[in-house]
Amino acid sequence: MLLLLSSNVGSKRILLVLCPSEVDLRRLLSRVTPTLSPAVRQICPYPLLGCSAESSFGEVRHSSSLVSPSKSAQPIRKGTGGRSSVSGFVATVFGATGFLGRYVVQQLARMGSQVFVPYRGLEDEFKHLKLMGDLGQVVPVKFDCRDEESIKAAISRSNVVINLIGRDFETHNFSFDELNVSIPDRLSRLAREHGGISRYIQVSCLGASPESPAKQYRTKAEGEKLTQENFPEATVLRPAAFVGTEDRLLNKWAVFAKKMPTVPIIGSGNNKLQPVHVLDVAAAVVAAIKDDGSSIGKTYELGGPDVFTVNELVALVFESIREEPRVTHIPVEFAKVMAGSFEWLKGLSIPTPKMVTFSRNNVDAQLVDMVVSPDALTFKDLGITPRKLSGVAIEHLYQWRTGGPAVGSTVGSRTSGAGF
Ligand SMILES: NC(=O)c1ccc[n+]([C@@H]2O[C@H](COP(=O)([O-])OP(=O)(O)OC[C@H]3O[C@@H](n4cnc5c(N)ncnc54)[C@H](OP(=O)(O)O)[C@@H]3O)[C@@H](O)[C@H]2O)c1
C-alpha cells in the first residue's frame, strides 16, 4: 500500500511518500523521477534509481539497483545464465585492471552481470576488459581513489562492490597505509552510505595480521578491520600468493632463471607457501556474491591444495622450464642492508638505480609462512575445489623453456637437470 502526500511549502513542492518497504519505495520513485524538475533531481545524494545527474535521470537502467541490502534480497534474474542474460548483479570492481581483476570481471560478465570498472590510467588499462561482456556491460569509469565524488559516481548504480586494490610495494605517491587502510576505509564507508549495496567483497591476503613483521600484512589487517566496522556484512577473502599466466611469483623466478646466473632466495627458503590459482580466487569472489547470504560478514582463507616450501617451488619452476636448478641463499641481514640502501636511493630526487619492489618490507614479507590456518573457512565452504599447481595450472611457465614450449615435453628432449 502506498500513501502519497503532496503540498506546497513556500515556493517548493514537497512530496511525502509512505510505503511499507524500501523496494516498493524505489519502484515508485523510479516512475515519478522523470516527472520531477532538474532542481528536484539534484536533491538525491546518489543516483540510486539507476540514473545519473548527467544523463537520463529517471530511466531505470538496471533492474538490480532495486535490490535492498538485506540478507534475503535476491537480485532479479533473466535469461539462461550466459553473457546475454541478466544476472541481477551490477558490480563495481575496484582494482579491475590488475591481475585478479581481469578474471573477476570475466567471470562476472560472462554470467550476464554489468560491471563498472573504475580506472585511473589510460584507455589501455581497461580495453581488454570490455570484450569480456556483452556490448555495454563492462563500463569503464574514470576515478581517483582520493576523490570521494568520483568513488560515489563509480558505485552509484551498483548493488555489489568488490575491492581488489592493492600493491606489493610502496610508491612515492602511495604508502601501504593509504593503499591498504585509507582506501578500504573510504570505499566501505561510501558503500555503506550508498544504501543499496547488497554485497561487499574485500580482498585482503593470507598472512594479514596486526602482529606480522611485514608492514604490508599489518596494514592489510587494519584495512580488513575498518572495512568490517564500516560494512559489517562485508565478506573478507584472504588469498594466498596467486599463480596464473601473469603471476608475479613463479614468473619472477623463471625470469631470474633465464636472465641471471642464479635465483636468489632470501633466508633458508624453508618458509611455507600455499599458492592458489588466480581463477579459483576469482571463482571465490563470484561464489561469495552469488550465495544465499551465508558468506555475509565472514572471512575466508583461500589457499591451494598443496603446501610447498620456497625451495620446493623454485625447484618446480626449474623442472617446468627444463633447467638445472641454480639457487643462492641470501642471508636475511645482508638482504635487509641491501633493501635499506635501495630505499634510501629511492628517496633521492636525482637519477639513481632504483628497485621499486625491493624493500625491507619485501624482505620481511618473503620470510613469513603463508598457509591457511586450521580453523579458517576455506574454498570448501564456498563450494569450490581449488586446482592443483603441478600440471595444467603452471603450463604458462613453458614459455620460458629454451627452444620453445614443446622442449622437454618428452623425457628424451629434456635439456638439463639432475636425472633428466
Ligand atoms: N598477487 C598476489 O599474489 C596476491 C596474493 C594475495 C592477495 N593479493 C591481493 O589481491 C588483490 C589483487 O591483487 P592483484 O595481484 O590483482 O594486484 P595488482 O595486479 O597489483 O593490481 C592492483 C590493482 O589495484 C589498483 N591500484 C593500485 N594502487 C592504486 C591506487 N593508488 N589507486 C587506484 N587503484 C590502485 C591497480 O590499478 P592500476 O592498474 O591503475 O595500477 C590494479 O588495478 C590485492 O589487494 C592484493 O593485495 C594478491
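Among contacts in the chain between residues at least 6 apart in sequence, what percentage join residues at least 24 apart? The share is 71%, where two residues are in contact if their C-beta atoms, placed from the backbone, lie within 7 Å.

This is a predicted model, in which local features need pLDDT of at least 70 and side-chain atom pairs count only at pLDDT 80 or more, while totals for chains, interfaces and linings use all residues. Residues are numbered from 1 along each chain as its sequence is written.

The chain has twelve helices and 15 strands; helices (H or I, at least four residues) and strands (E, at least two) are DSSP runs, numbered from the N terminus. Of its 420 residues, 39% are buried. A residue counts as buried if 20 or more other C-beta atoms lie within 10 Å of its own, as exposed if 12 or fewer do, and as partly exposed in between, with C-beta atoms placed from the backbone.

**The sheet**

Seven strands make an open sheet with parallel pairing, in the order β5-β4-β3-β6-β7-β8-β13. Because β5 (138-142) and β13 each have a single partner strand, they stand at the edges, and one side of each is left without a neighbour in the sheet. Direction ignored, neighbouring strands of this sheet are turned by 20 degrees against each other on average. Pairing here requires at least two bridges found by DSSP between the two strands.

Helix α9 (residues 278-290) packs on the sheet and touches β6 (160-163), β7, β8 and β13; its direction makes about 165 degrees with that of β8. Axes are lines fitted to C-alpha atoms, for helices over the stretch in contact, and angles run from 0 to 180 degrees between N-to-C directions.

**Strand β8**

In strand β8 (residues 235-239), five of the five residues are buried. T235, L237 and P239 point one way, and V236 and R238 point the other way. In a regular strand the side chains alternate between the two faces of the sheet. The pairings of β8 are as follows.

| Partner of β8 | Sense | Bridges |
|---|---|---|
| β7 (residues 199-203) | parallel | three |
| β13 (residues 299-302) | parallel | four |

In β13, E301 stands opposite R238. β7, helix α7 (residues 215-230) and β8 form a right-handed β-α-β unit: with the strands pointing away from the viewer, the path from the first strand over the helix to the second runs clockwise.

**The ligand shell**

There are 22 residues around the ligand, of which G95, G98, L100, G166 and C205 come nearest. A residue is near a molecule if its C-beta atom, placed from the backbone, lies within 6 Å of it. Helix α3 (residues 99-109) gives the most to this shell, with three residues. By class, the shell has twelve nonpolar, six polar and four charged residues. Ala, Val, Leu, Ile, Met, Phe, Trp, Tyr, Cys and Pro count as nonpolar, Asp, Glu, Lys and Arg as charged, and the others, Gly among them, as polar.

**Two single residues**

R322 lies in the loop between α10 (310-320) and β15 (327-330). Although not a glycine, R322 has a positive phi of about 60 degrees. Most residues other than glycine have a negative phi. R322 is buried because 21 other C-beta atoms lie within 10 Å.

V371 is found in the segment after α12 (360-366). With 18 other C-beta atoms within 10 Å, V371 is partly exposed. Leaving aside neighbours within four places in sequence, V371 is in contact with K272, Q274, G303 and V307. V371 and G303 are 68 residues apart in sequence and 6.8 Å apart in space, C-alpha to C-alpha.
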